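Please study the sequence and the structure before reading each solution.

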Amino acid sequence: MANNWDESFPDLINHSFEIYDNCTDAPDMTQFHMHDFYEIRFIIHGNVTHYSENAVHNLGDGCITVIPPGHFHRVTPRKESSEKQSTNKYERILLYLSPKFLCSLNSEAFKLSEIFDVFGGSVLNHLSVNPAELLEFTQPLREIVRKNADDAPLYHISNSAVVVLVLASLAERILSHRKLDLKSGEGALVPHVISYINSNLSENLSLDSLSEKFFVSKFYLSHQFKQYTQLSLHQYVLTRRMMHAKFLLSSGKSPSETAKACGYHEYSSFYKAFLRETGQSPCNFK
């Protein structure tokens, strides 16, 4: 029996988790993207720049990053070491987690999913550990990949137990991590703009409005946003609004209520945008 995982098409609806042990050239993700599952990345070797909604960080050996569902991000080779990146490999373990699986581990006294949500959504969404600590996390996961037998029921039970122990250890490490990085670094403007957009989807989020609010020119904001995310500001706002619309509709909100909550004052505009993005009308969305 094999693990039956395909990194090109992760299936966290039918799988509780998927694990990948990769060693490739450093990726150059051209655009912001997001998943509907949790991603935990353990960097064994390599230097990359990680762009998230909140900040941008240079990451290297021993860095562990938590990316919750719905959080936009991208990874590129680290700029200051581009010559080395042409020869050095990017070695990492990727642990993908089904939200349902992670939430099943919650109890009234301890909400494991909340720890990863809060930490992954924070400005400092990564840890840096020493080689021995990193090995404690990655060795059990690598053993699961090596055995390649998760489809066998008994192996799946055993593998699930291993993953839970890794998650518990990581949560413990996060809770003991009290360092906060509040400095304004590279790309400080864009994370603030993104945070404002995510919290104000019902408001006017035009380029004119946002440039005025953040006291920058339209050209500068547009250029900085595109450089950071590789998406236009309009594309990002539209994607976020459509994500929010799908959530509201699936939660029982009416199409008209959803349109207003997503910043559309005319229902016809919302209808056209939703149909174009999802292939379904708001009334028929499930």
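**Exercise 1.** Is the crossing of H3 and H5 left-handed or right-handed?

*Solution.* The model is predicted: local features require pLDDT of at least 70, side-chain atom pairs count only at pLDDT 80 or more, and totals for chains, interfaces and linings use all residues. Residues are numbered from 1 along each chain as its sequence is written, and side-chain values use heavy atoms, with hydrogens and water left out.

Step 1. Helices (H or I, at least four residues) and strands (E, at least two) are DSSP runs, numbered from the N terminus.

Step 2. The crossing of H3 and H5 is left-handed. A crossing has this hand if the near helix is turned anticlockwise from the far one by less than a right angle, and is right-handed if clockwise.

Step 3. Helix H3 (residues 112–120) packs against helix H5 (residues 153–175) at an angle of about 50°, their axes being 10 Å apart. Axes are lines fitted to C-alpha atoms, for helices over the stretch in contact, and angles run from 0 to 180 degrees between N-to-C directions.

Step 4. H3 and H5 are therefore oblique to each other; angles under 35 degrees count as roughly parallel, over 145 as roughly antiparallel, 65 to 115 as roughly perpendicular and the rest as oblique.

Step 5. H3 contributes Leu112, Ile115, Phe116 and Phe119 to the contact (heavy atoms within 4.5 Å), and H5 contributes Leu167, Leu170, Ala171, Ile174 and Leu175.

**Exercise 2.** Determine in which order the strands of the five-stranded open sheet are arranged, and which strands stand at its edges.

*Solution.* Step 1. The order is E1-E7-E2-E5-E8, with antiparallel pairing. Two strands pair if DSSP finds at least two bridges between them.

Step 1. Strand E1 (17–24) and strand E8 (126–128) each have a single partner strand, so one side of each lacks a neighbour in the sheet.

Step 2. On average, neighbouring strands of this sheet are turned by 15° against each other, direction ignored.

Step 3. Strand E5 (residues 63–67) is joined to E8 by three bridges; Thr65 has His126 of E8 as its bridge partner.

Step 4. Helix H4 (residues 131–147) packs on the sheet and touches E1, strand E2 (38–45), E5 and strand E7 (90–97), its direction making about 110° with that of E2. H5 lies across E1, E2, E5, E7 and E8, at about 75° to E1.

**Exercise 3.** Explain why strand E6 is described as largely enclosed.

*Solution.* Step 1. Four of the five residues of E6 (residues 73–77) are buried, so the strand is largely enclosed by the rest of the structure. Buried means under 20% relative accessible area, exposed over 50%, and partly exposed in between (1.4 Å probe, protein chains only).

Step 1. Five bridges join E6 to strand E3 (residues 48–52), and the two run antiparallel. Ser52 stands opposite His73 in E6.

**Exercise 4.** Which loops hold Asn148 and Phe215, and is each residue exposed or partly exposed?

*Solution.* Step 1. Asn148 lies in the loop between H4 and H5. Asn148 is partly exposed, with a relative accessible area of 35%, and has a positive phi of about 50° although it is not a glycine.

Step 1. Phe215 lies in the loop between helix H7 (207–213) and helix H8 (218–229). Phe215 is exposed, its relative accessible area being 77%, and its phi is positive, about 60°, although it is not a glycine.
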